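Please read them with the coordinates open.

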Amino acid sequence: MPTAIRKFWDQLPSPTATLLSHFGSLAVGVLAAFILHYVLYRIGLPSKPFIYVAF
Amino acid sequence: MSESTPQPANSVAGTAARPFFRPWTLLAGFLLGLGLMCWAGRTVTQRDLHPKDVRFHPMIAPDSQYEPTMGEMRAFVRARCRPDQILVIVGGNSILLGVGQPADRVWTRRLQEVLGERYAVVNLAFRGSSPTDGGAFVAESLRDEFPRQIYIANVAALQAADSIGIESYRFILFDAYYKGLLLPWAPRDQQLKDYLADPAYKAARFERRLGAQADAVLHFRDFWNWWSATKFFTFATPYQPDPNLAYRARAKFKDEETDYDTLPFDQRFSPSVIANDTLITRAYSANGYSKNAQDQWQLADASREQFLRYAANAFPDQLKPRTLILISRNSPYYTRQLEKDLQNRDETAIKDTIAGFEKFGYAALSYGQDFSPEDFGDRTHLTTAGGAKLAETTAPKIQALATQLGYLK
């Protein structure tokens, strides 16, 4: 962890740091779900389009 | 937590004193996110994503790696059919999709005009699809919501149709099947079981089934199709009218079907196309026919049995009476060049096909016998004039079927 961030984190009042860590963890969890949801969609699609030639 | 408090056992990062990440909160966020995405996926397909479209044109079809979902197509139907109307779903291939006919002159619009307000015609045909693909599954899934429905699809003479459709559109079957939208139909269940168990593709098909089962819960295809249609498409695909539009929201693309009425004759009938299509036309009814002692064309028993087996299994029994199968002919530009004997063989094959479907309770009708070469844009696809003739040929059969099924009471 970069020193500046560590210092900032250490200097935060305890309730704020706790709240931030919960909020950050929740956001990362939601983001992970969002990415997984997209990956499941994307891997299910064919790698090439369906080629149709009328004539 | 004070600065002197020792690092908790469950901290995963941060300083010695304070964790950045809270594993249980992270897990709760993950489950919350998944729940929200699942809810969003279920919700977004309750409205029509393609209000301006009359059909699934290439930018909202597998041609451009966009795979419409059952939810999306069901919403497409609901937005176009009132409960008091008789629903007419058009499935089948590019001929019924209206390839060669611009959206404002597509044959299903003419069919709607001829049938009138009492009916709602919805075009769910796809390029290269079989009678048992997309539109068929959508119609079947809406059997209770729109019990007064007629499903139309097309085949060539004696063309076989698997109950599980064709590979390119099997994603629709998977979607419908694993969301529990289809009727139990033993021949289809067995065919799907055999398809999944094929040793050559077992692993890939297992993954595909797993994906469909996960989607039935998480609705990721519904959500990301909504996103792709209304926000932006998330990856580039080779099928693009313009590379700069690779990520453009798919609902913003217009239905820009080629107009066969304005396409020069030599582009549609180049020497190589004519040579190839002449061979195809000559082979239209070649399989299984030979002359009998009375010098008449007769279908071999094995070929007849195979065709009848397909016809028997293609649709669940209770859906057969409301299914109208159209038998497509080739353009007279080609058929007029055939020897009389081959023309007779084609007619025999068409009669056998109609009789085969009718035997199992389907309605069946051939079209094109009285069409002129100008009604066709190529060997099989119709021009606007040909599309109008198809609508006028088909409408009386639909009306008769509606009467027979008691829809007009």
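1. **Basis.** This is a predicted model: local features need pLDDT of at least 70, side-chain atom pairs count only at pLDDT 80 or more, and totals for chains, interfaces and linings use all residues. Residues are numbered from 1 along each chain as its sequence is written, with chains lettered from A and ligands numbered from 1 in the order in which they are written.

2. **Confidence.** The model scores ipTM 0.90 and pTM 0.92. Chain B has a mean pLDDT of 94, and 96% of its residues reach 70 or more; pLDDT is the predictor's confidence in each residue, from 0 to 100. Watch residues 1-12 of chain B, where pLDDT stays under 50. For that stretch the model has 15 contacts beyond four places in sequence (a contact means C-beta atoms, placed from the backbone, within 7 Å).

3. **Chain A.** Chain A holds 2 helices and 0 strands. These are DSSP runs, numbered from the N terminus: H or I of at least four residues for helices, E of at least two for strands. Its radius of gyration is 22 Å, well over the 10 Å that the globule rule gives for 55 residues, so chain A is more spread out than a compact globule. The radius is taken over C-alpha atoms, and the rule is 2.2 Å times the number of residues to the power 0.38. Along the principal axes, the C-alpha atoms of chain A fill a box of roughly 70 × 20 × 15 Å. Of its 55 residues, 18% count as buried (20 or more other C-beta atoms within 10 Å; exposed is 12 or fewer, partly exposed in between; C-beta atoms are placed from the backbone).

4. **A helix pair in chain B.** The axes of helix 2 (residues 70-78) and helix 5 (residues 134-141) of chain B come within 10 Å and cross at roughly 70°. The two helices are therefore roughly perpendicular (65 to 115 degrees). Helix 2 of chain B contributes B:Met70, B:Met73, B:Arg74 and B:Val77 to the contact, and helix 5 of chain B contributes B:Gly134, B:Phe137, B:Val138 and B:Ser141.

5. **Positive phi.** Most residues other than glycine have a negative phi. B:Gln65 has phi near 60°. B:Gln65 sits in the loop between helix 1 (23-44) and helix 2 of chain B, and counts as partly exposed, with 19 C-beta neighbours inside 10 Å. B:Asp295 also has phi near 60°. B:Asp295 lies in the loop between strand 4 (289-291) and strand 5 (297-299) of chain B. B:Asp295 is exposed, with 7 other C-beta atoms within 10 Å.

Technical notes
Contact = placed C-beta atoms within 7 Å. Axes fitted to C-alpha atoms, helices over the stretch in contact; angles between N-to-C directions. Parallel < 35°, antiparallel > 145°, perpendicular 65-115°, else oblique.
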